[in-house]
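Please open the structure in your viewer and keep the selection tool at hand.

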Amino acid sequence: MEKPSRLLCSELCVQRRLFEVTLNRTALAWKDTEITKKHTGRAIYGAVKAGIHCVPVCEIIAVQEKEDDSPCKDTGKWQKVPPSPADSYQHAFTVFYVERMRQHCWRCSNVTFHCSEHSTCLLWVQTIREQLALLTNRPKNLLVYINPYGGKQRGKQIYDHKVSPIFSQASISTDVIVTERANHARDHLKMEADLKKYDGVVCVGGDGMFSEIMHGLVSRTQQEAGVDDNSTEETLMPCGLRIGIIPAGSTDCICYATVGSNDPVTSALHIVVGDSQPMDVCSVHNEDHFLRYSVSLLGYGFYGDVLTDSERKRWMGPARYDISGVKTFLSHRYYEGTVSFLPAEGNSGTPRDKMLCRSGCSICQQSSSDDLVSKNEDSVSDAECQDTWTVIRGKFLAINAASMSCACPRSPKGLSPSAHLADGSTDLILVRKCSRLNFLCHLLRHTNKKDQFDHSFVEVYRVKQFRFTPRYQECDSEVDLRESGATGKQFLSQICKEHRACGCMPSQSNWNCDGEILPHTAIQVRVHNQLIKLFARGIEEQPVFEDPFAHCAI
């Protein structure tokens, strides 16, 4: 591959040492001239580690001319040693850039270059700024919503002390709204916000706050496009604005799955450099009535019961999830119903293929092109599609639909390690009735490297749509009527459901939709491919620009 041509090349001073500094359209690099001479004739790798630095232009945050406070200038009238050549470099500019740390965290680092002439300093500052101006994907105006009550109630503090200074340094203007009630951000986005003024929307909070932003933005987009979101057959319009997430909640599952960490500074830097990560969104309906959108987890049975119980213990804070989880596990409830689904086809892979979704995922990119082709080919009728649906009836401890891995610090692999962010499908996980010990083994495998699907009572499918109907609502199933014996038993089951004193197990659970309880149990879910975009790039597998010589044209 041909190396990009140099824009600038100068000999500048960094911390009293001379460096050969080079700028091209893709990278800024500086090489210690003294160390390079010492390593002449040796292995290049040693020289790289010793004195060569390289930063992609797309990850430069800002450049500023520095006041004349160079440590190189004379401090006294008498000198015992001759001045070094670096002492004449009195003018300086500072470049702020992204530095990668451990566990996918980013930090804002900087390097100051000292120049011998002021004109050289101005030329470098102007040229770097011109290159940054060519990066049109970077936001200039953002609408920011802060949830002051979520998590440990530190949302405003995190934004003011960690995020706002980074936005200011990158010359990003912001309009900040501190929410005052539940769904404040959703309603404002849906009805009042002038979205044409902004390049993106940022939420400071947890997954609940992100859900508000996503619902408001998606609903506004459909409303302006004239799309009826109550129709299960409608194709939803993708949102034009990207969403940024500054994690400040009890759970930050979305941020962890799209960035690789729940660090606010890392998320702010992804926003500054203008990253873009498409994401699928599931629409959830009850008959012809729209309920909610989902981007991470739809859980019935175990995870639905955990959420229902934890809502009664909100006063306990984040600890309520652990207590409710233990309580729900000990109760060991199972639920009967019917699951029907439309399998994903093509190059979407399988939930057990161990192909993890990472930055630049080929499966997600292929899915995007396949989706464009399918929209132009409407030759398959609804009647023909009905034949491809798979129907499963049974007793389930849990029914989960994971549209992403759902990884978090407690479960590094997540509910479905190979789930993809933008492949137009969701992984449907069915955990049938089993012993309490077997179910515990299944749950524990979420925390280790073993395959959590390698159990006879666990089934997993990659699907584009699915439906669930609890048993007591299946009036048209003669098979279920024969199994139950008579309609009288169904009537008694309903009585037991409302009067727990009899000690009978409840006949239905609740759906956990991204941390919110759905008002209906019978639902229909459809995956909409790449409906939204985030200021993220997916989880990176290895550092970018590992080899400076391949990109920096030194």
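**Aromatic rings**

The count of aromatic pairs comes to 15, where rings of Phe, Tyr and Trp (its six-membered ring) pair if their centres lie within 6.5 Å, and planes under 30 degrees apart count as stacked, over 60 as edge-to-face and the rest as tilted. The model is a predicted one, in which local features need pLDDT of at least 70, side-chain atom pairs count only at pLDDT 80 or more, and totals for chains, interfaces and linings use all residues. Residues are numbered from 1 along each chain as its sequence is written, and side-chain values use heavy atoms, with hydrogens and water left out.

Select Tyr 300 and Tyr 335, which form an edge-to-face aromatic pair with 5.7 Å centre to centre and 65° between the planes. This pair links distant parts of the chain, 35 residues apart: Tyr 300 is in strand 14 (residues 297-301) and Tyr 335 in strand 15. Helices (H or I, at least four residues) and strands (E, at least two) are DSSP runs, numbered from the N terminus. Both Tyr 300 and Tyr 335 are buried; buried means under 20% relative accessible area, exposed over 50%, and partly exposed in between (1.4 Å probe, protein chains only).

Next, select Trp 30, Phe 93, Tyr 97, Phe 113 and Trp 124, which form one aromatic cluster.

**Strand 18 and its partners**

Now display strand 18 together with strand 15. These two strands run antiparallel and are joined by seven bridges; two strands pair if DSSP finds at least two bridges between them. Select Leu 342 to find Gln 465 of strand 18 opposite.

Which residue in strand 18 is the bridge partner of Leu 430? The partner is Glu 459.

Strand 21 also pairs with strand 18 in the antiparallel sense, over four bridges. Here Arg 467 has Gln 524 in strand 21 as its bridge partner. Arg 467 also lies over the face of Trp 389, at 4.0 Å from the ring centre; a charge sits over a ring if NZ of Lys or CZ of Arg is within 6 Å of the ring centre and within 35 degrees of the ring normal.

Move to Ala 522, in the loop between strand 20 (516-517) and strand 21 (523-534). Ala 522 is buried, with a relative accessible area of 15%. The C-alpha atoms of Ala 522 and Pro 470 are separated by 6.3 Å, although these residues are 52 apart along the chain.

**Salt bridges**

The whole structure holds 20 salt bridges, each a side-chain nitrogen of Lys or Arg within 4 Å of a carboxyl oxygen of Asp or Glu.

Select Arg 220 and Glu 224, whose closest N and O atoms are 2.8 Å apart in a salt bridge. Both lie in helix 6 (residues 207-225), four residues apart, about one turn of the helix. Is Arg 220 buried or exposed? Arg 220 counts as buried at 13% relative accessibility, whereas Glu 224 counts as exposed at 58%.

Finally, select Arg 352 and Asp 451, whose side chains meet in a salt bridge (2.7 Å, N to O). Arg 352 lies in the loop between strand 15 (335-343) and helix 11 (362-376), and Asp 451 in the loop between helix 13 (436-444) and strand 18 (458-470), so the pair ties together parts that are 99 residues apart in sequence.
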